[in-house]
Amino acid sequence: MDKNINIKSKNYKLFKALLSDSIAKYLIFGGGIITLIAVIGILAFVVIQSLPLFKPVSSKNILSHKTENKILVSGFISNTYYYYIDSSGTISIFEIKSNKNVYHNDLGVSVNDAIKSKDDKIVLLENISGELYKIVFNHSVRNDEVDKFFYIDKVPDVRLGNPKLVQIKRSVDGNYFLCQINNSDTLCTIKLTDKTTDPLDSSKIFNTFRIDYDTTLGVVGKILTDSRLENLLITTSNNVLYFKRDDSSYMFVNQIKLSGEITNIDFSNSEQSVICATDRGVFLLEFINSSDVIIPFSLKFSKRYESGNLSAKNVIASNIDKSFFVIFEGGYTELYYQPFDKGVINIANENGHNEINSLSITKNGKLALTHTNNQIKIYEIEKSNIDVNINTLFSKVKYEGYLQSDYIWQSSGGTDDYESKYSLIPLITGTLKGTIFAMIFAVPLAVLAALYTSLYLNDKLKNYIKNFVEIMTAIPTVVIGFIVSLWLAPILEFYVPVIITFLIIFPLIMILGIIILNFLKLKIDNKFYSTKESIINIISVATLLLTSYFIADTIIKSLVDNDFVSWLNVNMGIHYEQRNGIIVGFALGISIIPMIFTLSEDSINIVPKSLIMSSYALGANNWQTAYRVILPYASSGIFSAIMLAFARAIGETMIVLMVAGNTPINDWSLFTGLRSLSANIAIEIPEAPVGGTLYRILFLSASLLFVFTFIINTMAELIRMKLKRKTLNKMN
Amino acid sequence: MRIGILSTFIFFILAIQFLFSNINVTVDKDIPKYKKVTGVSGNLSSIGSDSMNNLITLLLEGFQKIYPNVKIQVEGKGSSTAPPALISGTAQLGPMSRPMKNEEIDKFEAKFGYKPTEIKIALDALAIYVNNSNPMNYITIAELDAIFSVNRKGGYKRNITTWGDIGLKNKYWRDRPISIYGRNSASGTYSFFKEHALFKGDFKNKVQELLGSSSVIQGVSNDKYSIGYSGAGFKTTGVKILGIMNKNNSKPAFPDYDNILSGNYPLSRFMYLYINNNPQKESDLLVLEFIKFILSYEGQSIVVKDGFLPLTNDLINKELKVIK
């Protein structure tokens, strides 16, 4: 009976052991798999979020329509309809989706010529006797109200001069103006719409401006004004003349001579740069404030776009971004993006058979319409990420308003016409700068401290110190950031010169001390194993520190007159910033020291005692043992401790965010701030519209961080294995 | 005992900060008090400006105290989220720290056939701060632009990098680089400053971006040679506000209440609330009463409490006409 129970309980125990074993096995296996899936899942999510950034710009012809008569003017009505007016004076409106004619009517005007505003709100028609009519389109029309598409009205008392130098402009308050040069020295603007009063009653001469124009400059070709009527550009054969408004007259500022005959000009969407189409290619001019001229603001030549040898006929800039279309002779149309030197994509191509006369863009920028003499074509253009590619992210770009190309990160501007600048280089530099400075600060300190505590210090003190350093790990990074940014950053400038000289003086004094000791032939016991001796040791180092600090302090005071920052600026041309690389290196270093210290100390502690003892037995002293025996053995452990700390410092966010000043500067100076990739994500993600370009770029920078850490960890592991094998081989 | 002293000290500092945290502004006594009406209940939701998030929440909570049956919901993700929310009908209130753009109004009009109703509910001003020990008292807009911007669209001829560049000849200031503090790019303050002080130019990459209005003040008070911009309501003892001159010879204007109202101070703005109010129909009682509450003495007191500036009685009357 007893035996039976015994067997039973034995079986039971065995069963229990097997059961718990298999449960544990599956739990661990499951846990591991889930962790793996989670990590891969996060990585996949981050990468997938950033992938649409690299969707190429594309264009597709979605509609062709042939007409009987010659097309004079064509364009869009909202994003769903297109219209054209032909030489017979007929207007036709089509739905884009079905190419169905929804409206067709004779305007009752024998049209001689027609021009339109860029946004298709207003078309001006001139009849044979020179009278003007305006057509005002209603872009918020619904399907069932075909009779409300537009109204037509005569513009009284206005005749286009000869040559017809006109431009219809939407002003900042939403009204439309007709700008016309009456004589070569007056510009008159005629108000075509007025939102506050009855639109039928508003065609009157609104303002006449005198232009300070010297007729010897040449025959006026084209004119262009911005929507505030502040800047006026006049072209004469191959010159662009810039006039600036001063109350009611325009004053001449400067002129730019281009190498080709100007056929047309247009403003970019911000009206801060001018794109010129000439018979020798396309040029970009900009309004820039540069110190080298007397007039602070002038028109400057910026660059010539690569366009082969084609002659450009017209240029149409987008209203929503910095892209523009250039129509070349022979029916070639190319989409350009202002900062890029080359055309992005070929849109319409008539292969030299027909000339494209004009191009219109919808308000959302997704459709483009071209017309030749008797054919209309509509193209669908996908260019939502035209401003982002490998070049803008990683190489220098010349942006509007800047004198040179540069790496610039400035993602948002608050206005619609803002050109976002997304160079990741300053952020990558910032990340590496902060991390490397932190490593320079932390690695020698932590590794030497670990060596000292485990080899030289007696056990009691060693335990205290080890526990103390480990507690340091528990300090939240936000606390370190807080203390360093509020307390240390403001006072650092008084200590920087001292620290620098100290770093030079301290080793000198130390070497001096050793020489003196040797000279006096004082024998120092190799083994500092008693508490007393350790304390003596610590005190003597501290005294050494203090002495060299005072020496450094006196030297500095006499040298820089107590004002290190001014001295630095005047003599070295370096601008010291309160939140700088030193501060970041220090704060980040503090946060990784405990990690390197503990892990290195552990790996030193696992060096077999027999090995150390044999070294001593062979007559090696403490340093020889440490350097020749312990360090090689523990090197792989120390190395991986350093690498782990490096990976942590790269991803550290809170400290950098609070301490670094978040300035996206691309330099390695000790005295300037930085902005790291991780801090950048924390700063910018609240404003990034989900699914927008900035949002995706932030995800891209997150994947970059991941790649960094991945590469470092892999390399660290490989090197560690190699080191280990090497030392083991040597030992054997 | 130690902790006792420490906490008294902290309390003392906080109290001082609180005392000096607002420009001395009181709500116009002539503004009528809010009168309670019957039959107000339902859901009131607001989507829009991030910088007005606190203000709208406080106002809605004040409103809820009068009408406990009203349920409130506030979301603040930025001014540009307000128009889509109004158009889709997900919110009745659209707080914005800038006026609606033409394009946004067009979209609204296309859907409803009338324009959104714009109500100004508060005033705000940005102030230029320097450290208390700074000898400067005022600055021109063009100089400000040359300090903060790379492009200098304000027309100043030279780049300004040291205090000597801007005219401080004192030995201790002349060669000192100016350290520049500003808000992070997510804030409306950043965009406003960029548009009105930098003329849409770009910030220098040396502008240190800090995560809150008070952090900027904190930075400036800790850094003797610094300059920064932040809301005018955040002033503490360690900093002083510079007067701004529009042109070289004009009189400097400080962001006090009079200058802001008269428009002499260039860096001031209104805070807006947009609603969907069909002029042909009876307006929604709940929304209407809430707006009346904002434009009452109580509402404007909340505006002041949150660090913004209240409207005057004249402005209030003008705004009340808009909704009637």
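This is a predicted model: local features need pLDDT of at least 70, side-chain atom pairs count only at pLDDT 80 or more; totals for chains, interfaces and linings use all residues.

Biologist: How many salt bridges does the rule find across the interface of chain B and chain A?

Modeller: The pair of B:Glu209 and A:Arg675 is a salt bridge between the two chains. Polar contacts also cross the interface, with 19 residue pairs found. For salt bridges across the interface, the count is four.

Biologist: Which element supplies the largest share of the side of chain B that touches chain A?

Modeller: Several elements of chain B each supply at least two residues to that side, among them α6 (171-174), α7 (188-196) and α8 (213-222). Strand β7 (208-210) is also one of them. The largest share, five residues, comes from α4(B).

Biologist: How many residues of the side of chain B that touches chain A are charged?

Modeller: On chain B, 43 residues are in contact with 52 residues of chain A. The chain B side divides into 12 nonpolar and 14 polar residues, and the charged ones number 17.

Biologist: What area do chain B and chain A bury between them?

Modeller: The size of an interface is often given as the accessible area lost when the parts come together. In chain B, the residues that lose the most area to chain A are B:Arg176, B:Asn205 and B:Lys206, together 13% of what that side buries. Of the total, 43% lies on carbon and sulfur atoms, and the buried area is about 4000 Å².

Biologist: What is the radius of gyration of chain A?

Modeller: The C-alpha trace of chain A spans about 115 × 95 × 50 Å along its principal axes. A compact globule of 732 residues would come out near 27 Å, but chain A has 38 Å.

Biologist: What distance separates the centres of domain 2 and domain 3 of chain A?

Modeller: In the domain assignment, domain 2 covers 164-257, while domain 3 is made of 425-498 + 524-530 + 561-731. Taken over C-alpha atoms, their centres are separated by 62 Å.

Biologist: Which residue forms a salt bridge with A:Glu355?

Modeller: A:Glu355 sits in the loop between β25 (343-349) and β26 (358-361) of chain A, and the partner lies in strand β22 (residues 312-317), 42 residues apart. The closest N and O atoms are 3.1 Å apart, and the partner is A:Lys313.

How values were computed
Residues are numbered from 1 along each chain as its sequence is written. Chains are lettered from A and ligands numbered from 1 in the order in which they are written. Side-chain values use heavy atoms; hydrogens and water are left out. Contact means heavy atoms within 4.5 Å. Buried area is the accessible area (1.4 Å probe) that two parts lose on being put together, summed over both. A salt bridge is a side-chain nitrogen of Lys or Arg within 4 Å of a carboxyl oxygen of Asp or Glu. A polar contact is a pair of N or O atoms within 3.5 Å; within protein, one must be able to donate a hydrogen and the other to accept it, and residues adjacent in sequence count only if both atoms are side-chain atoms. Helices (H or I, at least four residues) and strands (E, at least two) are DSSP runs, numbered from the N terminus. Ala, Val, Leu, Ile, Met, Phe, Trp, Tyr, Cys and Pro count as nonpolar, Asp, Glu, Lys and Arg as charged, and the others, Gly among them, as polar. Domain bounds come from an automatic or database domain assignment. The radius of gyration is taken over C-alpha atoms; the globule rule is 2.2 Å times the number of residues to the power 0.38.
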